[in-house]
Amino acid sequence: MGDLYGKTIVLGVCGGIAAYKAAALTSKLTQAGATVRVIMTKSAVQFVAPLTFQTLSRHHVFVDTFDEKDASVVSHINLADSADLVVIAPATANTIGKLALGLGDDMLSTTLLATMAPVWVAPAMNVHMYANPAVQQNMQTLRSRGVRFIEPGEGQLACGYVGKGRLAEPEEIFATIEQYFGGGSRLKGRHVLVTAGGTVERIDPVRYITNDSSGKMGYAIAEEAVRMGATHVTLVTGPTALSAPAGVELIPVKSALDMRDAVLSRLAANHLIIKAAAVADYRPAAVAEQKMKKKTESLTLELVKNPDILQEIGTLKTEQFVIGFAAETERLDEHALDKLKRKNCDLIVGNDVSQDGAGFSGDTNVVRIFDHNGLVEALPIQSKHLVARRLLELAAERMPRLAHTTGIPS
Ligand code: CTP
C-alpha cells in the first residue's frame, strides 16, 4: 500500500491557466489512494469547471463559503480540520498575498486561516508578477511561518513571456507530496555514492580534453537520494557549474584517474553506487609541464586509454548495488545491455543523447532502464529529478535487505 493511502489532501485551485494542471494532480493523488478535497476560487472556475475536479476526486468541490451542503458541519472548518496537508496549486499572487496578510474573504482563504495542517504553495504567474517585490516579500513572510513553496519552473509562459513562473509539473508536485508521506525513508540506512559531470584530461597547464556533461543528472540523483532518506550521500564530481546539493558530501575531482581513486577507495563503504559521470575514455599519454608552443604545422596528440571505473567496480563489488549509464546515439537497447553485462551492473540507464529532451545539458531526460533480463522501464521525457527519483525507487526495491548486508556501516 502506498504512502498516500488514506491521507486527506485539501487542494486549493486558484484562477490561472495552470488550473488545468491541478486536474492531473487530483487524478494522480486519487489514484494513489488519497482523499482529495478540492477548493476552487471564483477565478479558477473561469478556467476549469468544478465538475472536472468533482469527477476526478469523487467529492463535492467547494467554491462558495456560504454554499453549505451539509448542515451538520461548517464546511471550511471541517475541511481545515480534515486535512493532512493543504496544497495550493496553482497559487496566484492574489491568494499568496491574502495568505500572507491573513485575509479570509472566500472558501479557500478562510480554510487556510483555519487549518493546522502544513500548507504548501505552488505558485504560477507571469514572470514579472513573480519577480514583483510585493509578491516576493509575501512569499518570504509565508516561508518564515513555515509555508513550503514548490518553486515554479522556467520556460514559455501562457502570457507569451519566457521565464520563471510556470507551475511545477503535476508529477513533480505529486512526487514531493508522496515523499512527504513516507517516501522520504526508502533509502534509510543506505550509504550512496554518485559520480557526476565530465572528467578533465590535461594536455598542458592551460589546455585539456573534456566533454559536454553538465553534471545535472548526477547532482539530481544525489539530491533525491538525500530526500529519500539515505544515511550518507557522497557525490564524486568532475568540474561543473552546479552548486553542491544540501546534505551531500562533495568530492571534487578532475581527471578519470582522480575519479577512479576517489570511487574505489570508497567502494567498500557504500551500498549503492551510481555512475552518472561521463568519464573520458582516453587521456593524453604525457602532460606537458609547460604551455606547449606552436612550432609545427600539425600536431598529433597521443592518447592512452583510461581505466574503466565502472568495469572495475563490477569486478570488485561484493554486496553493492551498482547502476551504470550508457550514453548512446544509436542502437540504444543493444549497446546498453552489452555495457550492463560487460561491466556487471545491476541496472543500466540507457540514454539516447541525440534525442530531443535527452542528454547532457538540459533539465530533462528520456531514458530506458535495463536489468540482466532486459528492459525494466522506459521513462517518457521528464525532469532529471523525476528520472533520478524513479531510478532510486527501482534500486531501493531491488537492493538486498539491510540486515543481510554486512561490512558497510549503517
Ligand atoms: N565509465 C567509467 N569509466 C570509463 C568510461 C565509462 O566508469 N573510463 C562508466 C560511465 O560512468 C557510465 C558507463 O561507464 O556509467 C558507460 O559510459 P559510456 O561512456 O556510455 O560507455 P563507454 O564504456 O565509455 O563505452 P563507449 O564509449 O564505447 O560507448
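**Entry 1: the whole chain**

What share of the 410 residues in the chain is buried? I looked it up: buried residues make up 49% of them. Here buried means under 20% relative accessible area, exposed means over 50%, and partly exposed is in between, with a 1.4 Å probe and protein chains only.

A note to myself on the ground rules: this is a predicted model, where local features need pLDDT of at least 70 and side-chain atom pairs count only at pLDDT 80 or more, while totals for chains, interfaces and linings use all residues. Residues are numbered from 1 along each chain as its sequence is written, and side-chain values use heavy atoms, with hydrogens and water left out.

I then listed the parts and found 14 helices and 19 strands in the chain. Helices (H or I, at least four residues) and strands (E, at least two) are DSSP runs, numbered from the N terminus. Along the principal axes, the C-alpha atoms fill a box of roughly 85 × 55 × 40 Å. I also looked at contacts between residues at least 6 apart in sequence: 68% of them join residues at least 24 apart. Contact means heavy atoms within 4.5 Å.

I checked the record next. An unreviewed UniProt entry places "domain: Flavoprotein" at residues 7-179. UniProt positions are given in the numbering used here, feature names are shortened, and annotations may be inferred rather than shown by experiment.

In the model, residues 7-179 are 46% helix and 20% strand, and their end C-alpha atoms lie 13 Å apart. For residues 187-396 I noted 25% helix and 31% strand, with end C-alpha atoms 6 Å apart.

Is Thr111 buried or exposed? Thr111 has 1% relative accessibility, so it counts as buried. I found Thr111 in helix 6, residues 107-114. Its side chain reaches the backbone oxygen of Met107 at 2.6 Å. Leaving out residues up to four places away in sequence, Thr111 touches Ile39, His76, Leu79 and Ala80.

I also looked at the bond between Ala89 and Pro90, which is a cis peptide bond with omega about -5°. Pro90 belongs to strand 3, residues 85-91.

In what order do the eight strands of the open sheet come? I read 12-11-8-13-16-17-18-19, with mixed pairing. The edges are strand 12 (249-252) and strand 19 (374-383), each pairing on one side only. Neighbouring strands are turned by 15° against each other on average, direction ignored. Two strands pair if DSSP finds at least two bridges between them. Axes are lines fitted to C-alpha atoms, for helices over the stretch in contact, and angles run from 0 to 180 degrees between N-to-C directions.

I picked two pairs to follow:

- Strand 13 (residues 272-275) and strand 16 (residues 321-328) run parallel and are joined by four bridges. Ile273 has Val322 as its bridge partner in strand 16.
- Strand 18 (residues 364-371) and strand 19 run antiparallel, with seven bridges joining them. A hairpin of two residues links strand 18 to strand 19, and Phe370 has Leu375 as its bridge partner in strand 19.

Helix 11 (residues 256-264) lies across strand 8 (191-196), strand 11 (232-237), strand 12 and strand 13. Its angle to strand 8 is about 175°.

**Entry 2: around the ligand**

Which residues come nearest to the ligand? Of the 14 around it, they are Lys275, Ala277, Phe325, Lys339 and Lys343. A residue is near a molecule or strand if one of its heavy atoms lies within 4 Å of it.

A backbone N or O atom of Ala277 lies 2.8 Å from a ligand oxygen atom. A backbone N or O atom of Leu310 also lies 2.8 Å from an oxygen atom of the ligand. For Pro307, a polar backbone atom is 2.9 Å from a ligand nitrogen atom.

**Entry 3: two positive phi angles**

Arg331 has a positive phi of about 40° although it is not a glycine. I placed Arg331 in the loop between strand 16 and helix 13 (332-342). Asn344, also not a glycine, has a positive phi of about 55°. Asn344 sits in the loop between helix 13 and strand 17 (347-352). Asn344 counts as partly exposed because its relative accessibility is 32%.

Technical notes: Polar contact = N/O pair within 3.5 Å; in protein donor to acceptor, adjacent residues only side chain to side chain.
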